[in-house]
Number of protein chains: 2
Amino acid sequence: MATRERKRRRGSRQAPLTGGDTRLSRASVARFSLYLRHLEMFGREGIETVSSGQLGDALRITDAQVRKDLACLGSLGQRGIGYPAAELIGALRRKLGIDRHWPTAVVGIGNLARALLRYRGFPQHGFRFVALFDSDAAKVGQRVEGLPVHAPADMPAVIAASGAELGIIAVPSEAAQETADALAAAGIRGLLNFAPVVLRLRRDVNLVSVDLAVQLEQLAFLVHLAGGE
Amino acid sequence: MATRERKRRRGSRQAPLTGGDTRLSRASVARFSLYLRHLEMFGREGIETVSSGQLGDALRITDAQVRKDLACLGSLGQRGIGYPAAELIGALRRKLGIDRHWPTAVVGIGNLARALLRYRGFPQHGFRFVALFDSDAAKVGQRVEGLPVHAPADMPAVIAASGAELGIIAVPSEAAQETADALAAAGIRGLLNFAPVVLRLRRDVNLVSVDLAVQLEQLAFLVHLAGGE
DNA sequence: GGATGTGAACGACTTCACAGCG
DNA sequence: CGCTGTGAAGTCGTTCACATCC
């Protein structure tokens with residue numbers, strides 16, 4: 001028997017993502033938000049029951065996919081009828097963890113941050129902006145969308161006082177890693193990063209990155225490919 | 001033999017994505033942009049040759065993954081040595097289709113659009129903003145980042161004159177579908193959509209969507225899960 | 001009939017393991 | 001020896017097909 005010392009994986013291998021009772025795949029979770037949004041729309045139209053087919057049409061995925069996903073939430077569907085919209089919404093909210101408020105801090109008060117602060121979808125889903133930071137002395141002290149801008153040095157105190165648990169990084173790439181470190185040190189538990197940088201974080205700080213340049217390049221690639229034939 | 005009339009798939013099933021010579025997976029393409037960015041960084045540091053291990057460490061993926069991906073570009077690697085950075089960069093650019101300019105239009109000149117217009121990563125990768133649109137009469141005629149804002153009614157003429165091939169949708173969700181339709185009708189070949197809506201498009205218009213609320217909800221879910229145990 | 005829930009088949013992506021070459 | 005290139009194995013995600021139940 002050779003020494004089965006597994007080759008050290010860099011970083012942490014994707015944690016298994018055990019969602020309590022049922023195993024939920026990352027892919028399903030990525031769709032939960034979309035189900036939720038569409039169910040809310042259906043709800044506003046007065047629809048009380050939706051079928052996997054309707055949801056699938058809305059998201060442009062198959063009905064089987066929808067059923068597999070929703071099965072993770074328990075047996076909410078009624079055969080021959082469909083799923084009760086209100087119950088589904090509640091179950092999705094609970095599973096996603098947005099059946100509560102998420103106090104959120106934003107670092108880097110540029111146009112992107114302003115766009116996010118003004119976006120009405122966030123408060124609707126429980127996200128509350130509670131603290132803003134910018135390293136530009138000219139911005140510190142100003143109010144943006146009703147919130148004062150603080151200096152990065154005040155992060156520990158302001159974060160603690162505001163109770164922020166999530167952080168949004170909207171600073172230039174050069175400053176992204178140090179911002180992430182500062183937020184992590186201040187006790188933030190999850191980061192949404194918009195800087196085009198691969199951040200290194202302690203394993204207990206969660207990370208979601210959105211790289212806008214990558215998205216646009218994906219698009220260019222698709223068009224390039226389609227145009228090529 | 002039952003009538004093998006396949007159940008009508010809604011929308012188009014994911015086209016096979018035949019990248020010319022070698023089959024490239026969507027997942028690989030999604031990483032190409034990242035390889036490119038890191039190679040450019042290595043290049044600026046004066047590094048001329050990189051190994052799959054180095055790139056893997058930078059992106060936090062395995063070296064085998066890197067080699068598999070790069071194999072799609074042809075045999076650029078040199079055994080025992082690594083990959084020549086400059087050649088790789090060129091090959092990636094060509095494969096992604098960003099070895100050229102992409103004239104791009106932006107609709108909805110709010111904070112998000114301003115953030116994008118100002119982002120220096122785009123021009124660096126060949127994206128050129130050539131036309132802006134907003135339905136707000138107060139904005140029409142203004143200049144933003146040096147470009148005049150046009151009325152949506154002028155789309156066909158302005159798009160044609162500017163030669164825009166890509167479009168960025170940064171309008172509120174209510175207006176997203178009609179904006180997409182207008183851009184498609186004006187001859188745009190690819191759309192980057194920021195509205196939290198599932199757009200319907202002709203199959204010959206490519207689409208990439210970025211839903212910021214979904215991303216933040218993903219993050220909340222991860223933290224929720226991590227905190228839950 | 002109409003819709004869910006689910007094993008089984010399928011396909012896509014990732015990792016392993018190692019041959020091959022500089 | 002180091003590092004690439006690649007079949008084979010493994011894992012994950014999607015689709016099919018159908019039993020099941022209202």
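To begin with one residue: does Glu145(A) count as buried, partly exposed or exposed, and at what relative accessibility?

Modeller: The model is a predicted one. In it, Glu145(A) counts as partly exposed, because its relative accessibility is 41%, a value between the limits of 20% and 50%. The side chain of Glu145(A) meets that of Arg118(A) in a salt bridge, with 2.9 Å from N to O. This pair links distant parts of the chain, 27 residues apart: Arg118(A) belongs to helix H5 of chain A, whereas Glu145(A) sits in the loop between strand S5 (143-144) and strand S6 (147-150) of chain A. Arg118(A) has a relative accessibility of 52% and therefore counts as exposed.

Asp69(A) and Arg31(A) form a salt bridge at 2.7 Å, N to O. Asp69(A) lies in helix H3 (residues 63-71) of chain A and Arg31(A) in helix H1 of chain A, so the pair ties together parts that are 38 residues apart in sequence. Both Asp69(A) and Arg31(A) are buried. Over all chains, a search of the whole structure finds 20 salt bridges.

Four salt bridges are found across the interface of chain A and chain B. In one of these, Glu174(A) pairs with Arg120(B), the closest N and O atoms being 3.5 Å apart. Glu174(A) lies in helix H8 (residues 173-185) of chain A and Arg120(B) in the loop between helix H5 (111-118) and helix H6 (121-124) of chain B, so the pair joins two chains. Glu174(A) is exposed, with a relative accessible area of 60%, and Arg120(B) is partly exposed at 47% relative accessibility. Arg37(B) forms a salt bridge with Asp211(A), with 3.6 Å between the closest N and O atoms.

As for Asp211(B), this residue is found in the loop between strand S9 (206-209) and helix H9 (212-227) of chain B. Asp211(B) counts as buried, because its relative accessibility is 11%. A polar atom of the Asp211(B) side chain lies 3.2 Å from the backbone nitrogen of Ala213(B). Beyond its neighbours within four places in sequence, Asp211(B) is in contact with Leu34(A), Arg37(A) and Pro196(B).

The contact as a whole takes 73 residues from chain A and 74 residues from chain B. Together the two chains bury about 6,400 Å², 65% of it on carbon and sulfur atoms. On the side of chain A, Arg60(A), Leu216(A) and Glu217(A) lose the most area to chain B, together 12% of what that side buries. Across the interface, 16 residue pairs are in polar contact. H9(A) gives the most to the side of chain A that touches chain B, with 16 residues. By class, that side has 40 nonpolar, 16 polar and 17 charged residues.

Trp102(A), in strand S3 (residues 102-107) of chain A, also touches chain B: among its contacts are Ala220(B), Val223(B) and His224(B). Trp102(A) counts as buried, because its relative accessibility is 0%. The side chain of Trp102(A) reaches the backbone oxygen of Gly97(A) at 2.7 Å.

Note on methods
Residues are numbered from 1 along each chain as its sequence is written. Chains are lettered from A and ligands numbered from 1 in the order in which they are written. This is a predicted model: local features need pLDDT of at least 70, side-chain atom pairs count only at pLDDT 80 or more; totals for chains, interfaces and linings use all residues. Side-chain values use heavy atoms; hydrogens and water are left out. Contact means heavy atoms within 4.5 Å. Buried area is the accessible area (1.4 Å probe) that two parts lose on being put together, summed over both. A polar contact is a pair of N or O atoms within 3.5 Å; within protein, one must be able to donate a hydrogen and the other to accept it, and residues adjacent in sequence count only if both atoms are side-chain atoms. Helices (H or I, at least four residues) and strands (E, at least two) are DSSP runs, numbered from the N terminus. Ala, Val, Leu, Ile, Met, Phe, Trp, Tyr, Cys and Pro count as nonpolar, Asp, Glu, Lys and Arg as charged, and the others, Gly among them, as polar. Buried means under 20% relative accessible area, exposed over 50%, partly exposed in between (1.4 Å probe, protein chains only).
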